Amino acid sequence: MTKQPEDWLDDVPGDDIEDEDDEIIWVSKSEIKRDAEELKKLGAELVDLGKNALDKIPLDADLRAAIELAQRIKMEGRRRQLQLIGKMLRQRDVEPFRQALDKLKNRHNQQVVVFHKLEQLRDRMVDGSDEAIEEVMNLWPDADRQQLRSLVRNARKEKAGNKPPKSSRQIFQYLRELTENQD
């Protein structure tokens, strides 16, 4: 009786123990492509950040250099550089990058909410509510009431005359300065 090829594999020493933990996980080609595209998008987000925001993300020297180069490149070269950044990200743990990006985005979203509230307060002041001016004085006691009333008066005149809202913009800038000085 001769051994069949399947039978001689059974005689390999140390092969008696079967590890169930060493299962091979098959990943489809499509999933690999989706993951690569996701990393490329993450790289594009990193490239689109400004220099100051990029400093807040924990990047190694090679990746930082590639991102800074991509920020200077235009057109077709940029696409290829983004592909390179995506390839570099495949070899790194990207979770710290994502967390830092989320933190930056959340800070941006909070700032947008504050700006909307300031715009609403400005609109209430311009529409004729003296209570809004009192609210500003209660929120920021160091605000200049005389300057604020003057800006509101000018904004009302501009609105009545269908002129560009120069004073309304100045009111918003003044309120924004007050909030920044408060922090």
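Reader: Is D60 buried or exposed, or something in between?

Author: D60 counts as partly exposed, at 33% relative accessibility, where buried means under 20% relative accessible area, exposed means over 50%, and partly exposed is what lies in between, with a 1.4 Å probe and protein chains only. Before going on, please keep in mind that this is a predicted model, in which local features need pLDDT of at least 70 and side-chain atom pairs count only at pLDDT 80 or more, while totals for chains, interfaces and linings use all residues. Residues are numbered from 1 along each chain as its sequence is written, and side-chain values use heavy atoms, with hydrogens and water left out.

Reader: Okay, and what does D60 form a salt bridge with?

Author: Its partner is R92, and the closest N and O atoms are 2.5 Å apart; a salt bridge here is a side-chain nitrogen of Lys or Arg within 4 Å of a carboxyl oxygen of Asp or Glu. The two belong to distant parts of the chain, 32 residues apart, with D60 in the loop between helix 3 and helix 4 and R92 in the loop between helix 5 and helix 6. Helices are DSSP runs of H or I with at least four residues, numbered from the N terminus. R92 is partly exposed as well, at 21% relative accessibility.

Reader: How many salt bridges are there by this rule?

Author: The count comes to ten. One of them joins E135 to R124, with 2.3 Å between the closest N and O atoms. E135 lies in helix 7 and R124 in helix 6, so this pair ties together parts that are eleven residues apart in sequence. E135 is partly exposed, with a relative accessible area of 33%, and R124 is partly exposed at 38%.

Reader: And what about K159, which residue does its side chain meet?

Author: The side chain of K159 meets that of D127 in a salt bridge, at 2.5 Å from N to O. K159 is in helix 8 and D127 in the loop between helix 6 and helix 7, so the pair ties together parts 32 residues apart in sequence. D127 is exposed, with a relative accessible area of 55%.

Reader: Changing topic, which residues touch the most other members of the largest nonpolar core?

Author: Those are I57, L59, L63, I67, I85 and L89, out of 22 residues in that core, a nonpolar core being a set of buried Ala, Val, Leu, Ile, Met, Phe, Trp, Tyr and Cys residues joined through side-chain atoms within 4.5 Å. Helix 2 (29-48), helix 3 (51-54), helix 4 (61-72), helix 5 (76-90) and helix 6 each supply at least two residues of this core.

Reader: What is I67 in contact with, leaving aside its neighbours within four places in sequence?

Author: I67 is then in contact with L46, V47, L54, L59 and I85, where contact means heavy atoms within 4.5 Å. Apart from this core lies another, of 19 residues, among them L121, L148, I171 and L178.

Reader: One last thing, how many aromatic pairs does a search of the whole structure find?

Author: The search finds one. F115 and F172 form an edge-to-face pair, 5.6 Å centre to centre with 75° between the planes; rings of Phe, Tyr and Trp (its six-membered ring) pair if their centres lie within 6.5 Å, and planes under 30 degrees apart count as stacked, over 60 as edge-to-face and the rest as tilted. F115 is partly exposed, with a relative accessible area of 24%, whereas F172 is buried at 13%.
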